[in-house]
There are 2 protein chains.
Amino acid sequence: MIDDLAEPPADEFDLARVLAALADPHRLVMVRYVAAHGESWCSRVIQDTGLEMSKSTFSHHLRMLRLAGVVTKRHEGTKGYVSLRAGDLDHRFPGLIGAVLSAEFEPAA
Amino acid sequence: MIDDLAEPPADEFDLARVLAALADPHRLVMVRYVAAHGESWCSRVIQDTGLEMSKSTFSHHLRMLRLAGVVTKRHEGTKGYVSLRAGDLDHRFPGLIGAVLSAEFEPAA
DNA sequence: TAGTACGTTCGATCTCTATCGAACGTACTA
DNA sequence: TAGTACGTTCGATAGAGATCGAACGTACTA
């Protein structure tokens, strides 16, 4: 776990990149989970959400979210703890993450 | 211009699809233009925004936006008039389009 | 010292998307 | 009746992203 991935500072967030990071059903599930449960480690997210994907695919999605600035990760022991950068997001794009989190998820809800 | 593209009704909007439609810098420019100027015809959007793309590429982006439900198009004479489905969007995903439209566009703004 | 759990990285594959030029159909205009 | 403006559709191409299994490195545990 080398993990020298550069998470951007809030003032360098790119709108299109953030939207692209959120524009995936699996990643929306991930983001909603950490938004609701607070900081969580990866395998817990996979288990609790019931996301059916391999660890490598999860890691890829996590990478997309971190590169956009949507989530951050810290490391403790063998676990990686993921949390939403709600404050940074709301500072840079006021109301955006709140609207996404409170939006109806499924079509014809 | 056969144009039998099915634009979804508001209650069938899909969040991931809408976010994906907005997750492109060119399409963000298009959406912001029609949001600011109201109903506009295609070639006017291309000219005023200074978007450097072919007509076919513009047509492709317009298609993505329409399929997601972000914009609608009506036809009059030889021109296609595009407008934002602000009401439908806000009804289904309250605050989302407003947050996107008011967001800082460029990084390090 | 293994052994186990955790998560990343590495190929490989497949699909989707962005892009263009060319050709087309539609409607107005001279 | 051409001619022109408008926008779509059709290949074709190139790039990005989603997905997986396998291999790896790290930290705790027995």
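This is a predicted model: local features need pLDDT of at least 70, side-chain atom pairs count only at pLDDT 80 or more; totals for chains, interfaces and linings use all residues.
Reader: How many residues surround DNA strand C, and which are the closest?

Author: DNA strand C is surrounded by 24 residues. The closest are A:Ser43, A:Ser56 and A:Ser59 from chain A, along with B:Ser56 and B:Thr57 from chain B.

Reader: And how does the surface near DNA strand C divide into nonpolar, polar and charged?

Author: The surface near DNA strand C has 12 polar residues, 8 nonpolar and 4 charged.

Reader: OK, what about DNA strand D? Which residues come nearest there?

Author: Around DNA strand D there are 24 residues, and the nearest are A:Ser56, A:Thr57, B:Ser43, B:Ser56 and B:Ser59. Two or more residues of that surface come from each of these elements: helix H4 (55-68) of chain A, and helix H3 (42-49), H4 and strand E3 (79-84) of chain B.

Reader: What classes do the residues near DNA strand D divide into?

Author: For the surface near DNA strand D, the division is 8 nonpolar, 12 polar and 4 charged.

Reader: Let's switch to the two protein chains. How many residues does the contact take from chain A and from chain B?

Author: The contact takes 26 residues from chain A and 26 residues from chain B. On the chain B side, H1, helix H2 (25-37) and helix H6 (96-102) each give at least two residues.

Reader: Which element has the largest share of the side of chain B that touches chain A?

Author: That is H1(B), with 5 residues. By class, the side of chain B that touches chain A holds 18 nonpolar, 6 charged and 2 polar residues.

Reader: Now some helix packing. At what angle do H1(A) and H4(A) pack?

Author: Helix H1 (residues 15-22) of chain A packs with H4(A) at about 155°, and their axes are 9 Å apart. Angles over 145 degrees count as roughly antiparallel, so H1(A) is roughly antiparallel to H4(A).

Reader: Is that crossing left-handed or right-handed, and which residues make the contact?

Author: The crossing of H1(A) and H4(A) is left-handed. H1(A) brings A:Arg17, A:Val18 and A:Ala21 to the contact, while H4(A) brings A:Met64, A:Leu65 and A:Ala68. In this contact of H1(A) with H4(A), 5 residues are nonpolar, 1 is charged and none is polar.

Reader: How do the axes of H1 and H4 of chain B cross?

Author: In chain B, the axes of helix H1 (residues 15-22) and helix H4 (residues 55-68) come within 9 Å and cross at roughly 155°. That makes H1(B) roughly antiparallel to H4(B). The crossing of H1(B) and H4(B) is left-handed, and the contact involves B:Arg17, B:Val18 and B:Ala21 of H1(B) with B:Met64, B:Leu65 and B:Ala68 of H4(B).

Reader: Then what about H2(B) and H3(B): at what angle do their axes cross?

Author: Their axes cross at roughly 105° and come within 10 Å. Since 65 to 115 degrees counts as roughly perpendicular, H2(B) and H3(B) are roughly perpendicular to each other. From H2(B), the contact uses B:Val29, B:Met30, B:Tyr33 and B:Val34, and from H3(B), B:Val45, B:Asp48 and B:Thr49. The residues of this contact divide into 5 nonpolar, 1 polar and 1 charged.

Reader: I'm also curious about single residues. Where does B:Cys42 have its place?

Author: B:Cys42 is in helix H3 of chain B. Not counting residues up to four places away in sequence, B:Cys42 touches B:Phe58, B:Leu62, B:Gly80 and B:Val82.

Reader: Why does B:Cys42 count as partly exposed?

Author: B:Cys42 counts as partly exposed because it has 17 C-beta neighbours inside 10 Å, and a buried residue needs 20 or more.

Reader: Last one, A:His26. Which helix does A:His26 lie in?

Author: A:His26 lies in helix H2 (residues 25-37) of chain A. With 16 other C-beta atoms within 10 Å, A:His26 is partly exposed.

Reader: And what is A:His26 in contact with, leaving aside its neighbours within four places in sequence?

Author: A:His26 is in contact with A:Leu51, A:Met53 and A:His61. Also, A:His26 and A:Thr49 are 23 residues apart in sequence and 9.6 Å apart in space, C-alpha to C-alpha.

Methods. Residues are numbered from 1 along each chain as its sequence is written. Chains are lettered from A and ligands numbered from 1 in the order in which they are written. Axes are lines fitted to C-alpha atoms, for helices over the stretch in contact, and angles run from 0 to 180 degrees between N-to-C directions. Helices (H or I, at least four residues) and strands (E, at least two) are DSSP runs, numbered from the N terminus. Angles under 35 degrees count as roughly parallel, over 145 as roughly antiparallel, 65 to 115 as roughly perpendicular and the rest as oblique. A crossing is left-handed if the near helix is turned anticlockwise from the far one by less than a right angle, and right-handed if clockwise. Two residues are in contact if their C-beta atoms, placed from the backbone, lie within 7 Å. A residue is near a molecule or strand if its C-beta atom, placed from the backbone, lies within 6 Å of it. Ala, Val, Leu, Ile, Met, Phe, Trp, Tyr, Cys and Pro count as nonpolar, Asp, Glu, Lys and Arg as charged, and the others, Gly among them, as polar. A residue is buried if 20 or more other C-beta atoms lie within 10 Å of its own, exposed if 12 or fewer, and partly exposed in between; C-beta atoms are placed from the backbone.
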